[in-house]
Each structure stands twice: as structure tokens, then as C-alpha cells.
Amino acid sequence: MRYCLVLLSVLLAACGGDPVAPVSTPPVATAYVPHEVLEWKLPVSSVAAQPDLIVAPDGRLLLSWIATENEKWHVLRFASFNGQAWSASKDIARGDDWFVNWADTPHLAATADGTLWAHWLRRSAAATYAYDVVLSNSTDAGETWSAAMLVNQDGTPTEHGFVSLWAQSPTSIGIAWLDGRNMAGGEHEGHDGHGGGAMTLRAASVDSTLRKSVETEIDSLTCDCCQTSAALTDRGALLVYRGRDTKEVRDILATRLQDGAWTSPRKVHDDQWTMPACPVNGPAVDARDAQAWVAWYTAAGDMPMLRVARSGDAGDSFATPVDIDRGEALQGRVGIAVEGESVWVSWVREDAKGQSLWLARYPLDLSRELQRLQVASLQGRGRATGFPQLVAGQGGVYLAWTDVVDGKPQLRGARVAQKPM
């Protein structure tokens with residue numbers, strides 16, 4: 001076993017995927033047996049992109065994606081997987097006025113009462129980055145969906161997006177989003193036509209009737225276009241995002257909704273990454289009881305790095321991070337999922353040979369790397385492949401991602417499970 005792991009490290013070094021630290025030999029235990037990548041066929045045959053993948057309260061996996069019809073109409077669809085087979089796909093919404101973007105994508109949520117929730121982005125004006133967040137729900141397993149409600153109601157033709165959803169109660173959800181209502185002007189210079197002013201982070205609760213309440217501005221200055229991510233701890237929802245200060249330091253921050261109020265945001269780690277523009281590379285979080293794990297990309301000191309850190313107090317503090325990967329080939333686009341006694345982290349690399357999707361597995365304490373797998377080699381390059389999705393479900397961990405085949409986006413999937421003994 002030790003010989004195989006040493007050989008794996010040598011092979012990874014040859015292909016540019018070398019772990020930051022040598023892979024140590026795990027103890028012989030059921031939780032640490034080798035895993036393998038298996039094909040997971042998705043119920044999507046048409047041109048499609050922007051996948052989202054979540055686990056519903058009943059254990060089903062819910063996959064959503066955007067399909068394009070007649071080069072003008074966009075359709076948000078979803079299907080469910082019960083561990084054996086997929087349901088028929090169903091339409092959530094369609095429109096010709098959507099803002100569709102490789103990084104700012106729709107998301108799903110499900111609450112214990114059986115309600116399904118979905119959000120997408122709708123243009124609010126002719127400007128490129130003028131769009132709003134809209135939200136809909138379904139109480140009949142996705143057969144019909146409510147009229148979409150406007151989540152941000154400031155009425156400004158600015159950016160609103162990069163949403164996180166979570167089950168606030170059995171009948172309501174929490175929603176957080178980046179809100180650009182202050183970006184019409186101000187001292188903080190915009191980028192790529194996004195306008196000036198400061199991007200903010202806001203959150204609210206939405207009940208089953210789509211009534212919004214307790215809207216809060218959590219942070220008055222954040223990174224403009226990095227994904228947010230949320231997970232439930234036993235002390236409330238933990239929200240992570242890329243912050244920004246007046247010196248253009250863009251490190252990862254965490255805040256928790258406790259007793260109806262958001263805690264003061266704190267750094268997951270003091271990377272001190274000074275970056276004059278948004279890197280479009282947000283963090284990912286998963287949690288179990290009082291434990292939480294955050295994975296993120298940084299290029300502090302001009303060295304791209306993928307890091308993961310653990311909290312034992314529901315996000316109040318984090319231990320020193322573990323560096324998983326580094327180097328110019330590292331693209332980030334991270335995912336994280338806790339399965340059994342393992343923490344899985346996914347990320348994307350791109351070098352002269354093309355893009356590739358990777359997974360690393362750690363014990364819950366992050367004390368050592370247990371295994372590293374290349375999930376897929378992608379035909380697509382650059383932004384077109386978007387952000388892969390990673391969740392832990394029945395029988396292993398599951399991934400869904402976009403590839404580009406013959407110039408057209410298509411969805412791909414994989415299941416990672418223990419090898420038969």
C-alpha cells in the first residue's frame with residue numbers, strides 16, 4: 001500500500017498535480033479504503049450548462065441546469081436522483097430576459113415540508129451588469145412553480161447575484177446574495193464595466209408564501225463577483241464569502257446566523273491576498289453539528305493555492321489551513337463535501353494539456369491526505385466549463401460539471417465510491 005501511494009505521488013508530480021505535502025499512509029480502516037471514479041449518467045442530452053447539485057432532506061439528489069432554446073430563450077430545468085434512477089426532467093422557469101453567466105448560476109433548495117425552491121437572475125435594464133435575483137417555489141414536487149418574486153427590491157439597475165440558499169426552518173429558507181445597489185458611484189473603482197461603488201452582502205428569510213423578512217446588510221464592502229456558500233451548523237447557518245477592504249485585501253470571511261442576528265464577519269485565515277480586481281473564485285463550506293470545513297482559492301504572495309480549514313466551534317474560529325494544491329495551473333473553482341468520516345475537496349486545474357477536475361480526501365481533522373483522484377480530463381478550456389458541483393449522497397460523493405464538446409456545452413457527472421474489497 002505504501003509503495004502504491006509513493007508511486008501515485010511521483011505520477012502526480014509528472015503531470016503537474018503534485019500534492020503540496022507527501023501523501024501519508026492511512027491506517028487500515030473501512031473509512032479509508034481506496035475510492036474510484038465511476039460514471040454517473042445525467043438526464044441531460046441537450047446543450048446545457050450552469051449545473052447545481054444539492055441533497056434534499058429525503059436523501060434524493062436534485063440537479064438543475066440551464067438549457068437554451070432558439071438562441072434566445074433560456075429554460076431552467078431540474079431532475080431528481082433516488083440513488084438508482086433519475087426522474088423525468090421538469091421545467092422550473094423560462095425567459096428571454098435572463099442574465100446567464102458562467103460563474104453566477106441558479107441554485108436549488110429543499111425544505112423538510114417538501115417544498116422546492118429555485119432562484120435565477122433576470123435583467124433589470126439595458127446595461128450589461130444590471131440584473132436582479134428572483135425566487136420561485138413549488139409545493140407539488142416541481143410540477144408547478146409559483147410566480148417569481150423579486151428578492152432585492154432596491155430598484156437600482158445594478159448587479160445582484162451570487163446567491164446562497166439554505167433551509168431556515170421546515171417551511172422557510174434563508175437567502176444571501178451580493179447586492180450592488182451602492183455601485184452606481186463611489187470611491188471604490190469598478191472593473192470590466194461593472195461600475196463603481198461598493199458591493200455589499202445581504203441576507204433575508206423567505207417563507208412558503210414568498211414573503212421576505214428580516215433583511216440584513218451583513219457586510220458593506222465585499223468582493224464584487226465571487227460565489228457565496230452556506231451550510232447549517234448546530235448553532236445556525238454559516239455563510240462564507242470573499243471579503244474586500246479599502247486596501248484591496250480579498251480574503252475569505254465567515255459569519256453565522258445565531259439567535260436571529262448575523263455575527264461579525266471574521267477571516268477564515270489571514271492570507272492577506274491583495275488583489276485589485278475580483279478573481280471570480282468564491283469559497284465552499286460544509287458542516288456537521290459544530291464542525292465546519294471551508295475550502296478556498298488564494299494567490300497571496302503571487303502563488304495560487306488551494307486551502308481548506310476546519311472549525312470546531314461552528315465557524316467562530318478556524319485552525320491553520322491545509323494547503324492542498326498550488327501553482328500556476330491551479331484554477332480554483334472549489335467544492336467541498338463531508339461524507340462519513342471523510343472531507344472531500346474538488347477543484348479545477350488547467351495547463352498546456354487542457355483542463356482537469358480533481359478530488360482530494362482527508363479525515364475530518366484534516367491531519368493527512370488519504371487519497372487524490374483525477375475525476376476527468378475536460379475538452380473545454382477557460383470560463384466555459386464553469387464551476388463543478390460536489391455533494392455527498394447515498395453511496396459516495398457525486399459531481400456534476402460542464403464540458404464543451406464540439407463548441408457546445410454539455411453536462412457530465414461522476415460518482416466516487418469505495419472500491420470493492
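Biologist: Let us start with one cysteine: does Cys226 count as buried or exposed?

Modeller: Cys226 counts as buried, at 3% relative accessibility; buried means under 20% relative accessible area, exposed over 50%, and partly exposed in between, with a 1.4 Å probe and protein chains only. Before we go on, please keep in mind that this is a predicted model, where local features need pLDDT of at least 70, side-chain atom pairs count only at pLDDT 80 or more, and totals for chains, interfaces and linings use all residues. Residues are numbered from 1 along each chain as its sequence is written, and side-chain values use heavy atoms, with hydrogens and water left out.

Now, back to the cysteines. The cysteine sulfur closest to that of Cys226 belongs to Cys278, 3.7 Å away, which is too far for a bond. Cys223 is buried as well, with a relative accessible area of 1%. Its closest cysteine sulfur is also in Cys278, at 3.5 Å, and again that is too far for a bond. A disulfide is a covalent bond between the sulfur atoms of two cysteines; here a pair is called one when the sulfur atoms are within 2.5 Å. Searching the whole structure turns up zero disulfides.

Setting aside neighbours within four places in sequence, Ser229 has contacts (heavy atoms within 4.5 Å) with residues including Ser164, Leu238, Pro283 and Ala284.

How confident is the predictor in all this? The pLDDT, its confidence in each residue from 0 to 100, has a mean of 91 for the protein chain, and 90% of the residues reach 70 or more. Over residues 1-30, though, pLDDT stays under 50, and the model has 40 contacts beyond four places in sequence for them. Residues 185-191 are also below 50, with 18 contacts in the model beyond near neighbours in sequence.

Finally, some wider surroundings. The largest nonpolar core has 40 residues, of which Leu135, Ile175 and Val206 touch the most other members; such a core is a set of buried Ala, Val, Leu, Ile, Met, Phe, Trp, Tyr and Cys residues joined through side-chain atoms within 4.5 Å. Apart from that core lies another, of 22 residues, and Ala284 is among them. Ala284 is also one of the residues in contact with Ser229.

Conventions
pLDDT is the predictor's confidence in each residue, from 0 to 100.
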